[in-house]
Amino acid sequence: TQKRSTMQITIDPKTGMWTRYVADLAAVLGGLAFTRADGSSLGVDDGYAIWRDLTLEVRARRRTVYLVGNGASASIASHFAADLAKNGRVHTQTFCDLSLSTASANDIAYDQGCAEPLRGRGEAGDILAGISSSGTSPNVLAAAAVAAELGITVVTVTGKDPGNPLRRRGDLNLHVPAPTYG
């Protein structure tokens, strides 16, 4: 037999926390915006279709999707890489490994922790997905600059300020208009 919890959850109807959370989430999702490198807007469906097609091309050509982030964005990059590899059968790589990160920071510079490995491995025909809530993470910006030098397609996922510097460096840019990291 299973024992049921006797814990009661009470929600104060005056605060409407759940309703407010759902409304905030709906507003963020409704405000998703894709742009091209030149800053021109794309519809969300068109933006996702372009990203899908770029990824399918990488898979067909047996190239690599590199995913980079800083802090929680590194965790998002890692999870996204796992899903692409497992479900999409796309070769992925992140530079979130603790040993690589600390060695790069110690031996080169922290802001080169994603750029330097990409410089040694990336090639034209690959994709770099740069994820940064603020769009100002120096290590992600440096990786985007190296990707551009190597002819790697850059896709960015950013939040907060829509004018952030990472969003201006991508070939395809997804902006999530959330005012906070969470």
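Colleague: What percentage of the residues in the chain is buried?

Modeller: Of the 182 residues in the chain, 36% are buried; the term means under 20% relative accessible area, with exposed over 50% and partly exposed in between (1.4 Å probe, protein chains only). Please note that this is a predicted model, in which local features need pLDDT of at least 70, side-chain atom pairs count only at pLDDT 80 or more, and totals for chains, interfaces and linings use all residues. Residues are numbered from 1 along each chain as its sequence is written, and side-chain values use heavy atoms, with hydrogens and water left out.

Colleague: How many helices and strands are there in the chain?

Modeller: Helices (H or I, at least four residues) and strands (E, at least two) are DSSP runs, numbered from the N terminus. The chain has 6 helices and 7 strands, and along the sequence they follow the pattern α-β-β-α-β-α-β-α-α-β-α-β-β.

Colleague: Which residues of helix 2 are buried, and where do they lie around the axis?

Modeller: An α-helix has 3.6 residues a turn, so residues three or four places apart point the same way. In helix 2, the buried residues are G47, W51, T55 and V58. They lie on the same side of helix 2 because they cover an arc of only 65° around the axis, the arc being that of the directions from the helix axis to the C-beta atoms. The face turned away from this buried side carries the exposed residues D45 and A60. After helix 2 comes R62, whose phi is positive, near 60°.

Colleague: What is the order of the strands in the open sheet?

Modeller: Strands of a sheet pair through backbone hydrogen bonds, either parallel or antiparallel. Here two strands are said to pair if DSSP finds at least two bridges between them. The open sheet of 7 strands has the order 2-1-7-6-5-3-4, with mixed pairing. Its edge strands are strand 2 (41–42) and strand 4 (92–94), each of which pairs on one side only.

Colleague: In which sense do strand 1 and strand 2 pair, and how many bridges join strand 3 to strand 4?

Modeller: Strand 1 (residues 33–36) pairs with strand 2 in the antiparallel sense over 2 bridges, and F34 has L42 as its bridge partner in strand 2. Helix 3 (residues 72–88) packs on the sheet, touching strand 3 (65–69), strand 4 and strand 5 (127–132); contact means heavy atoms within 4.5 Å. Strand 3 and strand 4 run parallel and are joined by 3 bridges, with L67 opposite T94 in strand 4.

Colleague: How many disulfides does a search of the whole structure find?

Modeller: A disulfide is a covalent bond between the sulfur atoms of two cysteines. The search counts a pair of cysteine sulfur atoms within 2.5 Å, and it finds 0 disulfides. C96 is in no disulfide, and its nearest cysteine sulfur, that of C114, is 6.7 Å away.

Methods. Axes are lines fitted to C-alpha atoms, for helices over the stretch in contact, and angles run from 0 to 180 degrees between N-to-C directions.
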